[in-house]
Amino acid sequence: MRIYFVGPGGTRHLIAKQPPGFGTGGFYVEPFNYYIDPGPAALYKALRMGINPEKIKALIVTHHHLDHTGDMLAMIEAITKTEKKVPLITTSLVYEERIDDYHKNLVMYRHFSEWSRAIPVKHGTECFGVLLEEEKRLLYTSDTTYEKGMFPDVDAVIGNVVVFRDSQSGKHLSLDSFINLIQDTGAKIAFVAHFSPPLLYRLQEIKERIESETDAKAIIAREGLIYDL
Ligand SMILES: [Zn+2]
């Protein structure tokens with residue numbers, strides 16, 4: 001499968017600053033042609049990466065926070081230019097409160113609980129991770145805290161890591177937890193995404209820590225990265 005990291009950044013700080021390489025926008029995965037978490041600037045950046053919105057087969061929006069939904073309506077319009085409706089897999093809060101009637105008419109809404117690739121996670125609001133399988137298994141954590149047993153064994157994981165330690169984490173994945181998650185799931189490739197300003201200044205250290213404490217190769221997800229898994 002091929003992963004397009006369109007805008008791997010998250011949190012309100014990265015929405016506001018859009019630091020080069022680490023702005024918001026979500027990602028796209030072939031051959032499923034799923035677009036996942038279209039945060040602010042998703043459409044602009046996706047077009048510049050050569051992604052044709054009309055080829056997107058489903059929009060996956062894991063929860064209602066702005067860094068995951070900001071460009072959702074623009075993306076819906078771009079995908080449905082040729083009058084078809086696009087499947088939208090998401091939470092009830094996203095569907096009820098983030099989409100007006102006009103755009104509701106352009107989607108086929110499916111609650112994530114009815115989708116076999118969704119894994120419910122713990123973000124203090126309705127939210128889910130995504131498990132994609134095609135020769136290899138790729139897990140996307142979305143925003144969540146971590147407990148052992150939450151996720152199955154996988155080959156690769158995209159982790160939304162926002163803080164270093166669990167005590168700072170609130171409702172997000174810490175680097176400590178992400179390392180536990182990598183060990184528990186046996187992932188051999190670990191993409192670090194989402195970030196927050198403190199993490200952005202210590203990317204090399206984060207990569208080295210993951211690689212010294214797990215068997216995984218750590219990859220810092222940057223805007224424009226296309227990775228064949
Ligand atoms: Zn969130």
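User: What makes G186 stand out after helix α7?

Analyst: G186, the residue that follows α7, has a positive phi, near 70°; helices here are DSSP runs of H or I with at least four residues, strands are runs of E with at least two, and both are numbered from the N terminus. This is a predicted model, in which local features need pLDDT of at least 70, side-chain atom pairs count only at pLDDT 80 or more, and totals for chains, interfaces and linings use all residues. Residues are numbered from 1 along each chain as its sequence is written.

User: Why is F27 called buried?

Analyst: A residue is buried if 20 or more other C-beta atoms, placed from the backbone, lie within 10 Å of its own, exposed if 12 or fewer, and partly exposed in between; F27 has 27 such atoms within 10 Å and is therefore buried. F27 lies in strand β2 (residues 24-30).

User: Which residues does F27 touch, leaving out those up to four places away in sequence?

Analyst: With contact meaning C-beta atoms, placed from the backbone, within 7 Å, F27 touches I3, Y4, F5, V6, P8 and I36. The C-alpha atoms of F27 and V6 are separated by 5.0 Å, although these residues are 21 apart along the chain.

User: How do you know that β4 and β5 pair?

Analyst: Pairing requires that DSSP finds at least two bridges between two strands, and two bridges join β4 (residues 58-60) to β5 (residues 86-90), so these parallel strands meet the requirement. L59 has L88 of β5 as its bridge partner.

Terms used:
Two residues are in contact if their C-beta atoms, placed from the backbone, lie within 7 Å.
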